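Biologist: Can you walk me through this one? Keep it simple, please.

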Amino acid sequence: MTQPSSHRQILRSSTIIGGSSLANIIIGLLRTKAVAVLLGPAGIGLVALFNQLVYTAAVIATLGLANAGTRQIAEAHSLGDQAVVATARRALFWGTLLLAFLGTALFWALRVPLAILVLGDADQAGALGWLALGVGLTVACASQTALLTGLRRIGDIARINVVAALISTVIGVAALWAWGERGILIYVLVAPLAMLAMGHLYVARLPMVETASTPLSQIAAQWQTLVRLGGAFMGATLMVSLGHLLVRSLLQRELGPEALGQFQAAWALSMTYFGLVLGAMATDYYPRLTASIQDHVSANRLVNEQTEVALLLAGPLLLVILALTPWVVRLLYSAQFGDTVVILRWQVLGDVLKVASWPLGYVLLAASAGRTYLLSESFTIGLFVVLVWLGLPWLGVQVTGIAFVL
């Protein structure tokens, strides 16, 4: 019997996540506008550098448990095996709790070498020490997101994202307005704190799984599976994160904070509308693909339908952004962000290719093809970094857009 099309489900999840993403976009643009006005391009660049540091450290500390946990929970949930779901939930919770503490402690211990390596200024070690809290909070948030995604609680995830973004924007912008550049730490740290608080609120509402206490041996077996699957995912994510951190560090060192701010402004806009189109993939498409990955016909159909919908949704938006780039940049930032226009136009061209290939990347995740996924992501980000490094003396900050397309 021919299986029914999943276009309706894809459109429904895209509408829910897309709606929350749109709300986040509006909130994020207001937040970015406030940073641009209060601190200028240099402030935009420093905020981006701090955020990238926290994200990179959290990727290392999480050990890929978020991606692996989503897969394990989604697979058990699709089979209706509540005992396995309960075991996976407990293993994910205790594993990420331990990793959150370890990640916080390690980042704090390395604050001085990180300040010298990334910022070229040992005096910034005190500020980086506070970012260790952001690392621990981000790791803890990953556990909540993995659980809700694996259970396909799309509405809960959408509400968490919107409310947390609103709370962090109000508090973060107020800190910048009151203390200027000294408020950047509060601006950076309040985002994962708000996410953790909202995530805890919705996770606590999940129905309790009525199963006996899970033996430590079963939890240890789950940890082994999570680490084995998550190691390759963590490696790939880490390579991408380190690559972007290296590019930002190159811009900061070679061209100064102004150029870094120009690149970050274009990157933020590109990733913002990109998330609007493809945000539903991680929360709905990935769990459904995991559940059907052993049925090649069903999985192939799902990939084709997801790609079709993604291209249909992305096409008009990409054309609008491409045509209105100068006005969009001036509206959302200021007249000082002239190079951002050129970078963003290149990135829009690259995003066309990313939209078409994104559903295929999730096939590797769903099939646990960690090594292939790691090689693919490493090659891509490696090429990006090398092209930026080679072209920076000749083309300046605009090379980041060209390298992105290539």
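Modeller: One term to start: buried means under 20% relative accessible area, exposed means over 50%, and partly exposed is in between, with a 1.4 Å probe and protein chains only. At 15% relative accessibility, Phe404 counts as buried.

Biologist: Okay. What kind of model is this?

Modeller: It is a predicted model: local features need pLDDT of at least 70, side-chain atom pairs count only at pLDDT 80 or more, and totals for chains, interfaces and linings use all residues. Residues are numbered from 1 along each chain as its sequence is written, and side-chain values use heavy atoms, with hydrogens and water left out.

Biologist: How many helices and strands are in the chain?

Modeller: The chain has 13 helices and zero strands. Both are DSSP runs numbered from the N terminus: helices are H or I with at least four residues, strands are E with at least two.

Biologist: And how much of the chain is buried?

Modeller: Buried residues make up 50% of the 406 residues.

Biologist: Where do Trp267 and Phe404 lie?

Modeller: Trp267 is in helix α9 (residues 257-292) and Phe404 is in helix α13 (residues 399-405), so their pair ties together parts 137 residues apart in sequence. Trp267 is buried too, at 11% relative accessible area.

Biologist: Are Phe93 and Trp94 buried, exposed or partly exposed?

Modeller: Phe93 is partly exposed, at 44% relative accessibility. Trp94 is partly exposed as well, at 49%.

Biologist: New topic. Which charges sit over rings?

Modeller: Arg111 lies over the face of Trp108, 3.8 Å from the ring centre. The charged end of Arg205 sits over the ring of Tyr202, 4.9 Å from its centre. The test is NZ of Lys or CZ of Arg within 6 Å of the ring centre and within 35 degrees of the ring normal.

Biologist: What about Thr340? Where is it found?

Modeller: Thr340 is in helix α11 (residues 338-366). It counts as buried, at 0% relative accessibility. Its side chain makes a polar contact with the side chain of Gln262, at 2.8 Å. A polar contact is a pair of N or O atoms within 3.5 Å; within protein, one must be able to donate a hydrogen and the other to accept it, and residues adjacent in sequence count only if both atoms are side-chain atoms.

Biologist: And Thr169? Which side chain does its side chain contact?

Modeller: The side chain of Thr169 makes a polar contact with that of Arg31, at 2.6 Å. Thr169 sits in helix α6 (residues 154-179) and is buried, at 10% relative accessible area.

Biologist: Last one. Which residues have the most contacts inside the largest nonpolar core?

Modeller: Phe50, Leu128, Leu131 and Tyr333, in a core of 62 residues. A nonpolar core is a set of buried Ala, Val, Leu, Ile, Met, Phe, Trp, Tyr and Cys residues joined through side-chain atoms within 4.5 Å. A second, separate core has 22 residues, including Ala76 and Met198.
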